[in-house]
Amino acid sequence: MEKQGDRNGSVSAHVDTAGTTKATATPLHTGNAKWDMMYMRLLAYKKEHNDCLVPNRYKPDTQLGSWVSTQRRHYKLLQNGQESSLTQTRLDLLTNIGFVWATRDPRHVPWDQRYQELLDFKQKFGHCLVPVGYEENVQLSNWVSTQRQEWKSFKLKRQSRLTQERISLLNDIGFVWEAQRGGNRKRKNDDRKTEAKPRTKIPSNTNGCSAASKARTREREIQKLCESGSKRPWIAMFKDYLWLLDEKKNPEDIPGLKQWANDQREEYKREKLEKDAGN
């Protein structure tokens with residue numbers, strides 16, 4: 001790539017017929033020649049791909065992928081009122097070419113979704129000890145390990161994605177923050193194979209009693225979670241509400257679920273009024 005700077009060191013770029021990027025002098029007035037050059041490389045990317053969604057590990061230009069991520073990070077800092085290198089000029093330049101400030105990695109799963117998967121695991125096995133390499137849901141196993149690592153950082157007052165709210169949600173369902181260790185490798189491997197197996201099966205003639213007992217246990221657990229005062233994920237409240245309905249019970253006998261249901265009704269009324277007003 002050939003460069004030619006103006007008095008401010010700013011450059012422009014275009015893609016020739018061979019697909020290579022060439023630089024020409026164009027003043028952007030951002031005050032930083034390196035930033036200007038990366039911006040022009042982004043323009044070249046957009047010309048080729050019709051968007052600014054440069055992958056973080058974009059092999060043809062790894063610097064560009066990293067730079068794009070940096071712009072988003074500084075945008076978040078700016079939004080939070082923190083020191084940021086993203087000036088208004090740079091913000092306008094990027095916004096004007098359709099830069100996407102918030103993206104979600106398709107491989108990324110929201111924290112609330114994994115939490116619900118853990119709730120389902122506990123409902124099935126009676127505990128939150130997801131084994132390492134859990135074959136039915138390896139991602140859940142990895143997520144559980146990540147929560148423990150983030151908890152250690154949180155305790156040491158280091159940067160952590162684990163908030164107090166999330167800690168409370170996990171505590172409410174009996175999450176084990178420090179997995180037990182010890183014993184030889186063979187014993188560990190045996191534990192991994194058996195840990196996630198459901199409890200001993202009840203003889204077939206008592207299946208009805210077992211199902212009723214599990215239902216009562218889950219109902220008590222829902223009530224306990226609602227009474228804890230901790231903010232729970234919307235999807236968790238929704239699933240508990242539907243489950244109680246399926247069990248021929250009134251979900252609104254539980255104050256926490258009743259309040260949640262009332263909130264949904266109010267939200268629906270509000271949205272309907274706004275829609276009617278718009279028409």
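Mentor: Let's start with a term: a residue counts as buried when its relative accessible area is under 20%. Keep in mind that this is a predicted model.

Trainee: Okay, so is Ser153 buried or exposed?

Mentor: Ser153 has a relative accessible area of 19%, and the cut-off is under 20%, so Ser153 counts as buried. You'll find Ser153 in helix 5.

Trainee: Leaving aside its neighbours within four places in sequence, which residues is Ser153 in contact with?

Mentor: With those neighbours left out, Ser153 touches Arg158, Gln159 and Ser160.

Trainee: And how much of the chain counts as buried?

Mentor: Of its 279 residues, 32% do. The chain exposes about 19100 Å², with 48% of that supplied by carbon and sulfur atoms.

Trainee: Let's step back to the layout. What elements make up the secondary structure of the chain?

Mentor: There are ten helices and two strands. Reading from the N terminus, the order is β-β-α-α-α-α-α-α-α-α-α-α.

Trainee: How do I read the packing of two helices?

Mentor: The general idea is that two packed helices are described by the angle between their axes and the distance between the axes. Now take helix 4 (residues 111–125) and helix 5 (residues 138–155): their angle is about 105 degrees, and their axes lie 10 Å apart. Helix 4 is therefore roughly perpendicular to helix 5, since that word covers 65 to 115 degrees.

Trainee: Which residues make that contact between helix 4 and helix 5?

Mentor: On the helix 4 side you have Trp111, Arg114, Tyr115, Glu117, Leu118 and Phe121. Helix 5 brings Gln139, Leu140, Trp143, Val144 and Gln147.

Trainee: What about helix 1 and helix 3: at what angle do they pack?

Mentor: Helix 1 (residues 33–49) and helix 3 (residues 88–96) pack at about 10 degrees, with 11 Å between their axes. Angles under 35 degrees count as roughly parallel, so helix 1 is roughly parallel to helix 3. Trp35, Tyr39 and Leu42 of helix 1 meet Arg90, Leu93 and Leu94 of helix 3.

Trainee: Now the surface. Which residues form a nonpolar patch there?

Mentor: Look at Trp234, Ile235, Phe238, Leu242 and Leu245, which together have about 430 Å² of accessible area. Take Leu245 as one of them; Leu245 sits in helix 9 (residues 234–246).

Trainee: Why does Leu245 count as partly exposed?

Mentor: Because its relative accessible area is 42%, while buried means under 20% and exposed means over 50%.

Terms used. Residues numbered from 1 in each chain as written. Predicted model: local features only at pLDDT ≥ 70, side-chain atom pairs only at ≥ 80, totals over all residues. Heavy atoms only, no water. Patch = residues over 30% accessible without salt bridge, like charges linked within 9 Å, V, L, I, M, F, W, Y side chains within 5 Å. Areas by Shrake-Rupley, 256 points an atom, 1.4 Å probe, with all protein chains shown as cover. Salt bridge = Lys/Arg side-chain N within 4 Å of Asp/Glu carboxyl O. Helix = DSSP H or I, 4+ residues; strand = E, 2+ residues; numbered from the N terminus. Buried < 20%, exposed > 50% of the residue type's maximum accessible area, 1.4 Å probe, protein only. Axes fitted to C-alpha atoms, helices over the stretch in contact; angles between N-to-C directions. Parallel < 35°, antiparallel > 145°, perpendicular 65-115°, else oblique. Contact = heavy atoms within 4.5 Å.
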